Amino acid sequence: MQIIDPETAQGIRLQKILAHSGLCSRRRAESLILEGRVSVNGVIVKELGTRADPVKEKICLDGKQLHYTSDKNREYTYLAVNKPKGVVTTCSQKNAKVILDLVPVKKRVYPVGRLDKDSEGLVLLTDDGDLHNRLSHPSHDHEKEYLVFAVRPVSDQDLAAMAEGMVIDGKKTRQAKVRRVSENGFKIVLKQGLNRQIRKMVGKTGNQVAMLKRIRMANIRLGSLPAGKWRYLTEQEVEKLRQ
C-alpha cells in the first residue's frame, strides 16, 4: 500500500496520531518523525504533515504498532504540579528526579513547556495532544507569570528594559509586563519561553536570579498548592484553557 499523499489526504496528521496514542507530546512526535522512527504500512515517513488513517493503516514507532484513541472515545487527564527546585521537567533523565516522579497517575502525561531545574512553581501535565500543542505554541499568546527575586536590588531602569525587550542569544525578547514587589523582587508576565529567558534577562542587567517561581500559566494559578504536590484541573479550568 502507498503512503497517503500529505497534500491531498483526508486522514490524520501523523504527529497527532502519535500524541493521541499516549506515547509523547505532539512536539516530541514531530522529532520522532524527522528521526525516521515512524512508519506507515512498513514504509518510513520523515515528512511532517503526512496524513494516515490509524484505523485502516498500520502505523508503527520503532517497529511497534500504535494504538490510536480518537477524541470521541478518549478521556484526558489534566494536572497542575508545584515543581520544587532540583526536579527536571522531562519524562525521563538518568540520575535525576523528573516531574513524573511527583505524579503517581497511571496515564502517560507530558509536561507543557519547560521549567529549568533551578526554578520552581507551576507545571501543567496532560495527555491531550491538541491542548498541549495549543499551550506550547507561541502563536497562541498564552501568558506565563513568574515571581523573581534577584541577588541585588533591581533598578526601575532594569525593570523597564526587561519590559521593553532585550536581546539575548541574538534574539530580542517580546515586550513583557513587569511589576515591582520589593527592592530585589518583581513579577514578570511573558508570552514566549526562550531557554532560561528570565535568568538571561536579569543577567543582562548585571544581576543574578536568586529565586524564580512560575505562579501562573494562562488561567491556571499555582495558588496555595504546596511544593512537590499536584492536583487535577477542574472542568471549568480546562474549558477556559481551550478558549
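Here are a few questions and answers about a predicted model. Residues are numbered from 1 along each chain as its sequence is written, while side-chain values use heavy atoms, with hydrogens and water left out. Local features need pLDDT of at least 70, side-chain atom pairs count only at pLDDT 80 or more, and totals for chains, interfaces and linings use all residues.

Q: How many aromatic pairs does a search of the whole structure find?
A: Rings of Phe, Tyr and Trp (its six-membered ring) pair up if their centres lie within 6.5 Å. Searching the whole structure on that basis gives 2.

Q: What kind of aromatic pair do W230 and Y232 form?
A: Planes under 30 degrees apart count as stacked, over 60 as edge-to-face, and the rest as tilted. W230 and Y232 sit 5.1 Å apart, centre to centre. Their planes make an angle of 80°, so the pair is edge-to-face.

Q: Why does W230 count as partly exposed?
A: Buried means under 20% relative accessible area and exposed over 50%, with partly exposed in between (1.4 Å probe, protein chains only). W230 counts as partly exposed because its relative accessibility is 26%.

Q: Which residues of helix α6 are buried?
A: Helices are DSSP runs (H or I, at least four residues), and strands are E runs of at least two, numbered from the N terminus. Helix α6 covers residues 235–242. Its buried residues are E237, V238 and L241.

Q: Why do the buried residues of α6 line one face of the helix?
A: The arc is taken from the directions from the helix axis to the C-beta atoms. Seen down the axis of α6, the buried residues line one face because they fall within an arc of 95°.
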